[in-house]
Every structure is written in structure tokens, then in C-alpha cells.
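My entries follow in the order in which I made them.

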Amino acid sequence: MATVTRETGIVRYARIRQKLPREIVLLRGTGCKWRRCRFCDYHLDASADTEANYRLNKQVLSYVTGRYGILEVINSGSFTDLDENTMQAIIDTCREHDIRQAHIEFHWMDRLKVAPLKERFARSGIELWTKMGVETFDIPFRKSYLDKGIDTPSSSPAPEDIACYADEINLLMGLPGQSTESMLEDVKIGLSLFKRVCVNVMTANSAPIQPDQRVILKCRAFVLPAYQDNPRVDILADNSDWGLGDELPSGEVARTES
């Protein structure tokens, strides 16, 4: 399978000013190793050229100022998809700008690598929060329909099991088959076990599963209003709400902001 590479003509640095103010960077790695989620095509932002990835990521990290003391790193996959030089550059950037808290994403298959990574960041005085894409706690739906890669034929982790590794979770809403009750239940479980919850409203992409506008209307009417003022719940009504991923002239990775 060919690797699709998106170059620097998309926004890879932004600032989140609401709720938990922080800087956020979209880095590039070799791509999600699972690549079977039936709702996702983010793994297309990838390259097998680790040297090129590092050069790009180093440029993106150069925009970080440390103004909020918190940095979130996403890379269309798991942190294990980033090269070693990039991982060290993240730590070096945090140290240079006195950033004491960093957030990074991981896939369930990499859960045993979470503790060593937290220890590595801690040695540099950085508290690392790990975020995992759960999408929903409805196990049959997640397993059979979404093919998320968390569940095996013989076992499925309970929310408490996931909380042993993840500080934060991503939830996905607006999918065919979801109900108002199931979406509200997902947020309720998330807030009971995790430090933060990020609610993502499904956006159409090239994956097999596409958003259901009827479900999205229910989400916007009953779920988002219930949590829009909760400081522990981030809401992405559109996947570009944080300013990442929008197209820019080739060679640029950020917009100039005040």
C-alpha cells in the first residue's frame, strides 16, 4: 500500500484559548499502525521518511512559545509512530520554554509503553498526560462496527482498564446507530474515570463509515449544550475547530495570531 504524504501546506501549530489553554502541534510520523478503524483516514498524514518527518516536526515545534505552560502533541496516530529525534525534540522544546505539562496520544496497542514514556518526561520535569481514542464505551458497537482495535475476539477492556493507561479520552459522536442516551452515557463514564474528555463530532472523510446527520442533530441539541461549560470537556463540533489541518501556502505551518 502506498504511503500518502501531506506536506507543510496545512496548519500544524495552533493555540487553544478555551477551557484548558494550551499550544497544540500536529506532527507527522510513519502513520497509525492499526489503520483499520472504519471511520478514520487520519493515517494518510504520514511518511515512511523519518528524516523528512523530523525536519518537518522540528519546524513545527519552533513555533511553540510556552505562553501557557502546556503543550499538546497529536500526530494522526500513536506516539510510537514518531521518530526518536522528534520525541527528544518535544522534550527539549518543553524544557526550553519551561513547559511543565504535555499531552500526547496513544493507541491501546501501545499501552505498555505509556509508563516508560511518562517516566522519561518526568525526568525532565514534565508531567505527561496520555490521551486515547476510545470513541465509545459501547463495546459491541466499538468492536464490530468501528473496528477500533481495542477489543480482541476473546476480551474487551472495561473503562476502568483503559483508565489504568489513559488520563484523557477522545469520544466520537454523530455515527450511524448512536442515540442521545448512548452519547450522554459515554460522556458520563468518561468524566467519572478520566481527567478530561474530548467530544469530537464526526466529519465526513474518505473512510467507509460516514456521519449520520440525524445523529449529529441530536448531539448538537442534547449532548453539546449539556457540557459546553464543563471545563473538563473539550468539544470539537468540527475537526478543524482548533485550527489544525486547514490548508496554507506551501512551506507554512501556522497562521500569525495575536
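I looked up Tyr-145 and found it partly exposed, because its relative accessibility is 27%, where buried means under 20% relative accessible area, exposed over 50% and partly exposed in between, with a 1.4 Å probe and protein chains only. The model is a predicted one, in which local features need pLDDT of at least 70 and side-chain atom pairs count only at pLDDT 80 or more, while totals for chains, interfaces and linings use all residues. I note too that residues are numbered from 1 along each chain as its sequence is written, and that side-chain values use heavy atoms, with hydrogens and water left out.

Next I searched the whole structure for aromatic pairs and found four, taking rings of Phe, Tyr and Trp (its six-membered ring) as paired if their centres lie within 6.5 Å, with planes under 30 degrees apart stacked, over 60 edge-to-face and the rest tilted. One of them is the stacked pair of Phe-137 and Phe-194, at 6.3 Å centre to centre and 20 degrees between the planes. Phe-137 is in the loop between β5 (127–135) and α4 (139–146) and Phe-194 in the loop between α6 (180–193) and β7 (196–201), so this pair ties together parts 57 residues apart in sequence; helices (H or I, at least four residues) and strands (E, at least two) are DSSP runs, numbered from the N terminus. I recorded both Phe-137 and Phe-194 as buried.

I then turned to Phe-141 and Tyr-145, a tilted pair with 5.1 Å centre to centre and 45 degrees between the planes. These two residues are four apart in helix α4, which means that about one helical turn separates them. Phe-141 counts as buried, because its relative accessibility is 14%.

For charges over rings I required NZ of Lys or CZ of Arg within 6 Å of the ring centre and within 35 degrees of the ring normal. The charged end of Lys-195 sits over the ring of Trp-129, 4.3 Å from its centre.

Last, I looked up Arg-232, which is placed in the loop between α7 (213–227) and β8 (233–236) and, at 31% relative accessibility, counts as partly exposed. Leaving aside neighbours within four places in sequence, Arg-232 is in contact (heavy atoms within 4.5 Å) with Leu-191, Phe-194, Lys-195, Arg-196 and Val-197. The C-alpha atoms of Arg-232 and Tyr-13, 219 residues apart along the chain, are separated by 22 Å.
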